[in-house]
Amino acid sequence: MKMRGVFSMTLVLLVALMVTAEAAHKHGDKKGQKAKEGGKAECAEKRFGKCVANAGDCGDGFREATCSEHTTKHKCNIPCNWKKAFGADCKYRFTNWGECDTTTGTKIRSGTLKKDLFKLDCEATITVTKPCSSKPKGKGGKGKRTE
């Protein structure tokens with residue numbers, strides 16, 4: 001007799017669970033239909049602007065994203081060690097530094113565009129310079145000492 005009661009209770013709980021699941025499924029379909037009928041839909045091609053720092057030229061900021069007539073602001077961050085000449089959103093693959101030009105006291109290297117984040121208008125190739133080092137690189141006495 002007890003077994004029949006447990007079986008009946010299990011059957012009732014199983015039916016209740018199925019009804020709840022079906023109701024949740026139907027509610028989910030209505031939500032999806034609203035999105036199809038003109039709710040927020042994903043944009044086919046979203047255009048992003050450059051990241052603009054809130055204060056100074058690095059740190060937290062915002063970038064605008066435009067889709068059709070809608071413009072939204074997105075949080076972004078500009079690292080404080082970024083290369084200002086070509087921005088933080090354009091990634092380049094650089095060649096090795098050239099020899100030191102004694103007349104200008106600088107070294108030159110070029111970079112080709114590797115990744116254009118956020119579909120910005122990045123230059124295909126760039127050239128950067130830096131001052132020549134006054135110290136020659138090498139071990140120069142650093143490292144383990146043996147006595």
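**Close-up views of a predicted model**

View 1. Asp-101 has 34% relative accessibility, so it is classed as partly exposed (buried is under 20% relative accessible area, exposed over 50%, partly exposed in between; 1.4 Å probe, protein chains only). The model is predicted: local features need pLDDT of at least 70, side-chain atom pairs count only at pLDDT 80 or more, and totals for chains, interfaces and linings use all residues. Residues are numbered from 1 along each chain as its sequence is written, and side-chain values use heavy atoms, with hydrogens and water left out.

Asp-101 sits in the loop that links β5 to β6 (106–116) (strands are DSSP E runs of at least two residues, helices H or I runs of at least four, numbered from the N terminus). Its side chain makes a polar contact with the side chain of Thr-103, at 2.7 Å (N or O atoms within 3.5 Å; within protein, one able to donate a hydrogen and the other to accept it, with sequence neighbours counted only if both atoms are side-chain atoms). Setting aside neighbours within four places in sequence, Asp-101 is in contact with Thr-106 and Cys-132 (heavy atoms within 4.5 Å). Asp-101 and Cys-132 are 31 residues apart in sequence. Their C-alpha atoms are 8.0 Å apart in space.

**View 2. Arg-63 and its surroundings.** Arg-63 belongs to strand β3 (residues 59–67). Its relative accessible area is 4%, so Arg-63 is buried. The side chain of Arg-63 reaches the backbone oxygen of Gly-49 at 3.0 Å. Neighbours within four places in sequence are left aside in the contact list of Arg-63. That list takes in Phe-48, Gly-49, Lys-50 and Cys-51. It also holds Thr-72, Lys-73, His-74 and Cys-76. Asp-89 and Phe-118 complete the set for Arg-63.

**View 3. Lys-50 between two strands.** Lys-50 is one of the residues that Arg-63 contacts. It lies in the loop between β1 (47–48) and β2 (52–53). With 52% relative accessible area, Lys-50 is exposed. Glu-64 stands 14 residues from Lys-50 along the chain. The C-alpha atoms of Lys-50 and Glu-64 are separated by 7.5 Å.

**View 4. Ser-68 and its backbone angle.** Ser-68 occupies the loop between β3 and β4 (70–78). Its phi is positive, about 55 degrees, although Ser-68 is not a glycine. Ser-68 is exposed because its relative accessible area is 65%.

**View 5. The largest nonpolar core.** Five residues form this core: Cys-90, Tyr-92, Cys-122, Ile-126 and Val-128 (buried Ala, Val, Leu, Ile, Met, Phe, Trp, Tyr and Cys, joined through side-chain atoms within 4.5 Å). Strands β5 (90–94) and β7 (125–131) each supply at least two residues of the core. In soluble globular proteins, nonpolar side chains tend to be buried together.

**View 6. Val-15 on the helix.** Val-15 is part of helix α1 (residues 2–36). Its relative accessibility is 46%, so Val-15 counts as partly exposed.

**View 7. The whole chain for orientation.** The protein has 1 helix and 7 strands. From the N terminus, the order of elements is α-β-β-β-β-β-β-β. There are 147 residues, and 14% of them count as buried. Take the contacts between residues at least 6 apart in sequence: 34% of these join residues at least 24 apart.
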